[in-house]
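Please study the sequence and the model shown below before reading further.

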Amino acid sequence: MNISDLHFLVAEDNEFQRRWLVVMLSNLGANHIVEAEDGHTALSILHDSPESIDICFIDLNMPGMDGLELIRHMAKEENPPSIILASALDPSLVFSVETMSKAYGVNLLGTIAKPATPENLIELIGLYEPRHATDSATASSGPTFTLEQIAHGLSHDEFLPYFQPKVEIATGHIKSAEAFARWNHPVHGLLFPAVFLSKLEGTEHLNTFSRIIIEKSAAACRVWNDLDFPISVSINIASSSLVDEGCAERIAAIVAKHGVDAQRITLEITESAARINNPHYLENLARLRMKGFVLAIDDFGTGHASMQELLRIPFSEVKIDRSFVAGASKNESIRLVLSSNLELAHKLNRQSTAVGVETRHDWDLLLHLGCTHAQGYYIAKPMESNVLPAWMDEWAQFF
């Protein structure tokens, strides 16, 4: 979306700082900007404005209703705007507020340290997406569906994977693409997992859904390889599927049908799932690894699995959770955790992938810390399989 089409609200009690933000936004092409000198005024504007606000700049330290209270009230709105925090407070405190904002379900684009610069603004505004296009697993807005309606979509071939590239940081080379499930609904358009995945959990339809995503991901990988793009594909696998006896054989058969080498397929399981002690689950993982599939631990650092539990899984890659990536450049404690996780992966001779890389600062820090791969909006958003080859050609021009 063009910046000239967006509606901005600047909530800042310092008149000079507020005017400076307004001037910079205007110079960048923004045509719709309203100002608020405190949280109460900002909340009134959100309620009364005839046009919905897309992005709200919030100063944390305002008299009366401060930025924290404003965020809390905004979270109760039916369609809260995305927010950008503006603060000169201690980075560790700002990081806590960022975490709080995400916990409230507000779409946080990021934080700018005062004084703001045009470069800061462009970088964060570029992360904005219209609310209907959010990919958040916690999104509650949008249509709701019964299990029967979702099953109807499965039987009518309405589900497909979109793919987000994964890039080797040291070289910039594209190594893989992760599959993200989408529902191409005939009425509502492209829908994200938040509206269908939880309904599938614990039902017989989950295996059908998994088979469709694996099948279409393997087929896409075959096409890319035939076009001389020798990249792999990563697929998330539900733990409930892996406890089924014979799951490994079924996955292997699907991949083999498309003539794809098992080494081209990475299967991702969450760190919390690594704690499962079901023998069928452990056998399926071992059998998949024996057949040549790559196993990756997703959400690494958040599942509270012990190292003993993790090492029961023959994994080759860890995917560092986005909460450690986005906060690391602004919070020394988070940076230390990120560094420790990457150092552990290196000592275990495992590949590492940082998820949620959204800025150049994130990329540069990960390069400095020796992370193997990066994945996130700074590189590319998930896209259709037939679009990926052209994107790869374009990306290659920069390296």
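The model is a predicted one, in which local features need pLDDT of at least 70 and side-chain atom pairs count only at pLDDT 80 or more, while totals for chains, interfaces and linings use all residues. Residues are numbered from 1 along each chain as its sequence is written, and side-chain values use heavy atoms, with hydrogens and water left out.

Charged side chains come first. Side chains of opposite charge can pair when their charged atoms come close. A salt bridge is taken here as a side-chain nitrogen of Lys or Arg within 4 Å of a carboxyl oxygen of Asp or Glu. By this rule, the count comes to 15 salt bridges. One of them joins Glu317 to Lys166, with 2.9 Å between the closest N and O atoms. Glu317 belongs to strand β12 (residues 317-320) and Lys166 to strand β6 (residues 159-168), so this pair ties together parts that are 151 residues apart in sequence. Strands (E, at least two residues) and helices (H or I, at least four) are DSSP runs, numbered from the N terminus. Both Glu317 and Lys166 are buried, a word that stands for under 20% relative accessible area, whereas exposed stands for over 50% and partly exposed for values in between (1.4 Å probe, protein chains only).

Strand β12 also holds Lys319. The side chain of Lys319 meets that of Glu178 in a salt bridge of 2.7 Å, N to O. This pair links distant parts of the chain, 141 residues apart, with Glu178 in strand β7 (residues 174-185). Glu178 and Lys319 are both buried. Glu268 counts as buried because its relative accessible area is 1%. Lys319 counts as buried because its relative accessible area is 1%. Elsewhere, salt bridges link Glu12, Asp59 and Lys114 in a network.

Attention now turns to a helix. Helix α8 (residues 205-226) contains 22 residues and reaches 32 Å from its first C-alpha to its last, close to the 32 Å expected at 1.5 Å a residue. The expected span is 1.5 Å times one less than the number of residues in the helix. Buried residues of α8 include Leu206, Phe209, Ile213, Ala218, Cys221 and Trp224. After α8 comes Asp228, which has a positive phi, near 70 degrees.

Phe16 is part of helix α1 (residues 15-27). Phe16 counts as exposed because its relative accessible area is 62%.

How many disulfides are there? The count comes to 0, a disulfide being a pair of cysteine sulfur atoms within 2.5 Å. Cys221 is in no disulfide, and the nearest cysteine sulfur, that of Cys247, is 19 Å away. Cys221 is buried, with a relative accessible area of 0%. Cys56 is likewise buried, at 0% relative accessibility.

Ile150 is found in helix α6 (residues 147-155). With 0% relative accessibility, Ile150 counts as buried. Leaving aside residues up to four places away in sequence, Ile150 touches Phe145, Phe159, Trp183, Val195, Phe196, Lys199 and Leu200, where contact means heavy atoms within 4.5 Å.

His373 lies in strand β14 (residues 373-375) and is buried, with a relative accessible area of 7%. Beyond its neighbours within four places in sequence, His373 is in contact with several residues, among them Lys166, Glu168, Lys175, Gln351 and Ala354.

Phe399 is placed in the segment after α16 (388-396). Not counting residues up to four places away in sequence, Phe399 touches Thr171 and Gly172. Between Phe399 and Gly39 there are 46 Å in space, C-alpha to C-alpha, and the two are 360 residues apart in sequence.
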